[in-house]
Amino acid sequence: MRAAVWHGRQDIRVEDVPLPADPPPGWVQIRVDWCGICGSDLHEYVAGPVFIPVEKPHPLTGIQGQCILGHEFSGAIVKLGAGVSGFAPGERIAADACQHCGTCYYCRSGLYNLCEKLAFTGLMNNGAFAELVNVPAELLYKLPAGFPVEAGALIEPLAVGMHAVKKAGSLLGQNVVVVGAGTIGLCTIMCAKAAGAAQVIALEMSSARKAKALEVGASLVLDPKECDVLAEIRARTHGLGADVSFECIGNKHTAKLAIDVIRNAGKSVLVGIFEEPSSFNFFELVSTEKQVIGALAYNGEFADVIAFIADGRLDVKPLITGRIGLEDIVGRGFEELVNNKEHNVKIIVSPH
């Protein structure tokens, strides 16, 4: 079959690879419908290896070096491994990407996204930029009848936003700020609105992403280059600041901003992936009793997202800005996202 294989930095090749073996016990084989290009895939292309293990085999999967990318996907079950029950060939499913050991402290505590041997599909094991992919059955979620086919590729990033929103506690009637309106920021805006936030203020500098933030439900978009965002937010929150903020960029300066925009005793949830340390003065937390919370990936939120898409509370159509075939994934996918990132949110790929 054809697959998009990571060989190294700036080196992703669409090439012939062997069909995956029959799924082992407890696993299933999926025929992929659509798979989205994620920011983590882009990191591997531009600056990799980031997550892909190259120095030694991954402790859970044994993968080392070359890897078929892709983890934001849905499809139909083709084959069941021994011992799999509750699923049948032909059923349409989405798959959580957090492959985990099931035996460490965090897995046994229900925190599988913090597994000591965590392996993301498409980064630490072969993924879904291919016709077929094998995944553990415990990661599957059935899609209801009539579920939009393309929407299956957006469940995973929306689950990241949903997990962050859940980490913040109830948002009902709350004033929320989302820092950054990239894919995860937009997904977080959508989930915060669905969770009952009174207003969601987005902070973004890209004109295209400003428009997209409003399209998916932001009450207001502020550009830090054009105004004093702290003053503007306080003016819209009775002089206090936001109740909750979400940092969706992964930059030490925007993390500080996400803490600054909340009121005393407010909450800031950090969702972005940070590449460098900060010199933040933690007394700012002590003196204000602000809370900073980390949010990594998701932990069961696929179910919430599927339900919200099915009943219309989440509309994925504004997030899809490109549809391409697998053979075009480098030029019209990765290169497009590198060179025209401002104008793209989610490019989805069909392997057929």
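Here is the tour, from the whole chain down to a single residue.

Before you click, note that this is a predicted model, where local features need pLDDT of at least 70, side-chain atom pairs count only at pLDDT 80 or more, and totals for chains, interfaces and linings use all residues. Residues are numbered from 1 along each chain as its sequence is written, and side-chain values use heavy atoms, leaving out hydrogens and water.

**Stop 1: the whole chain.** Switch to cartoon view and you'll find 10 helices and 18 strands (DSSP runs: H or I of at least four residues for helices, E of at least two for strands, numbered from the N terminus).

Stop 2: Colour by burial next: 54% of the 352 residues count as buried, meaning under 20% relative accessible area with a 1.4 Å probe, protein chains only.

**Stop 3: His-100.** Now select His-100, in the loop between strand E7 (98–99) and helix H2 (105–108). Is His-100 buried or exposed? His-100 is buried, with a relative accessible area of 15%. Show side chains, and you can see the one of His-100 reach the backbone oxygen of Cys-98 at 2.7 Å.

**Stop 4: the neighbours.** Leaving aside those within four places in sequence, select what His-100 is in contact with: Leu-60, Cys-107, Tyr-112, Cys-115, Glu-138 and Leu-139. Contact here means heavy atoms within 4.5 Å.

Terms used. Buried means under 20% relative accessible area, exposed over 50%, partly exposed in between (1.4 Å probe, protein chains only). A polar contact is a pair of N or O atoms within 3.5 Å; within protein, one must be able to donate a hydrogen and the other to accept it, and residues adjacent in sequence count only if both atoms are side-chain atoms.
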